[in-house]
Amino acid sequence: MNKNNSSRGRQAGRNSNPRNKKQFNTRNKKSSNTSNKSSEDKGIRLNKYISNSGICSRREADTYIEHGSITVNGQLMTEMGYKVQPGDEVRFDGTLISMEQKRYILLNKPKNYITTMEDDRGRKTVMELVGNATKERIYPVGRLDRNTTGLLLFTNDGELAKKLTHPKHNVRKLYHASLDKKLALSDLEKLRGDVVIEGKRVFIDAVSYVEGEKKTEVGIEIHSGRNRIVRKIFDHVGYHVTKLDRVIFAGLTKKNLPRGRYRELTQQEINNLKML
């Protein structure tokens, strides 16, 4: 055996599984490694697989893995970075789980519902309104406060949800605000551009009177996701919002969607969201 072949042989030995001491031809070993690497690249991390099954969040999945609740192909799996491959059988506490189909539900939220998965004070939540929409575990994208009505999206697509809530993507949100008194033109001008709310700058994309309505009715477009930010903007110039309705979210509208009802997004709407 020449020196080069000997070196490759020792290298293959170091890379082999310590539980498998069989000797393999160097060429075959290299091919096997390439195949395994390719397979791993196509897999999905175990915690994400569990999360996508609708059982829990990805962070909670890490805890379940660590505590020995997960088996893969009948073997206890505590390796956080394991990638589930096509054909793998994953079980949670003995129950077979599988990846969920992605779902996208649009709700026209009524008043007096809070945007949360559950409430320990017994208040009504938006989840009660979409409870029969799908068997998959969906959750709201962003928030609307209890007294704000209008468009609220639900999904189990974590990547899209993160994209739609991050300010850098400038997702369009248009609100119809009803004020306690007529908005003076001088105050309207103050809101064009940016304002400082609680020490932080908020950029207002557009603001104007609602055409054909009283001067108490104002349309305002923002992409900030801060809590109760529209109400705080008008408070800043001395007005109280009596009604607030989100009429456009990420290009989605309330057309043919009565208050309190929901519908699934069309494939075209889903495609549009993913291109934002």
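Select Arg58 to begin, in a model that is predicted: this residue sits in helix 4, which covers residues 58–66, where helices are DSSP runs of H or I with at least four residues, strands are runs of E with at least two, and both are numbered from the N terminus. With a relative accessibility of 41%, Arg58 counts as partly exposed, the class that lies between buried (under 20% relative accessible area) and exposed (over 50%), computed with a 1.4 Å probe on protein chains only.

Because the model is predicted, local features need pLDDT of at least 70 and side-chain atom pairs count only at pLDDT 80 or more, whereas totals for chains, interfaces and linings use all residues. Residues are numbered from 1 along each chain as its sequence is written, and side-chain values use heavy atoms, with hydrogens and water left out.

Now move to Asp145, which is buried at a relative accessible area of 15%. Which residue meets the side chain of Asp145 at 3.1 Å, N to O? The partner is Arg231, in a salt bridge, defined as a side-chain nitrogen of Lys or Arg within 4 Å of a carboxyl oxygen of Asp or Glu. This pair links distant parts of the chain, for Arg231 is in helix 7 and Asp145 is in the loop between strand 8 and strand 9, 86 residues apart. Arg231 counts as buried, at 9% relative accessibility.

Arg228 is partly exposed, with a relative accessible area of 41%.

For another pair, select Glu189 and Arg192, whose side chains meet in a salt bridge at 2.7 Å, N to O. Glu189 is partly exposed at 42% relative accessible area, and Arg192 is partly exposed with a value of 42%. A further selection is Arg103, Lys135, Glu136 and Glu264, which salt bridges with shared partners join into one network.

Then centre the view on Asp245, in strand 14 (residues 241–249), where this residue is buried with a relative accessible area of 11%. Apart from neighbours within four places in sequence, Asp245 is in contact with Thr149, Gly150, Leu174, Tyr175, His176, Lys254 and Arg259, contact meaning heavy atoms within 4.5 Å.

Finally, show the whole protein chain, whose secondary structure comes to eight helices and 16 strands. Of its 276 residues, 40% count as buried, and the count of salt bridges comes to 17.
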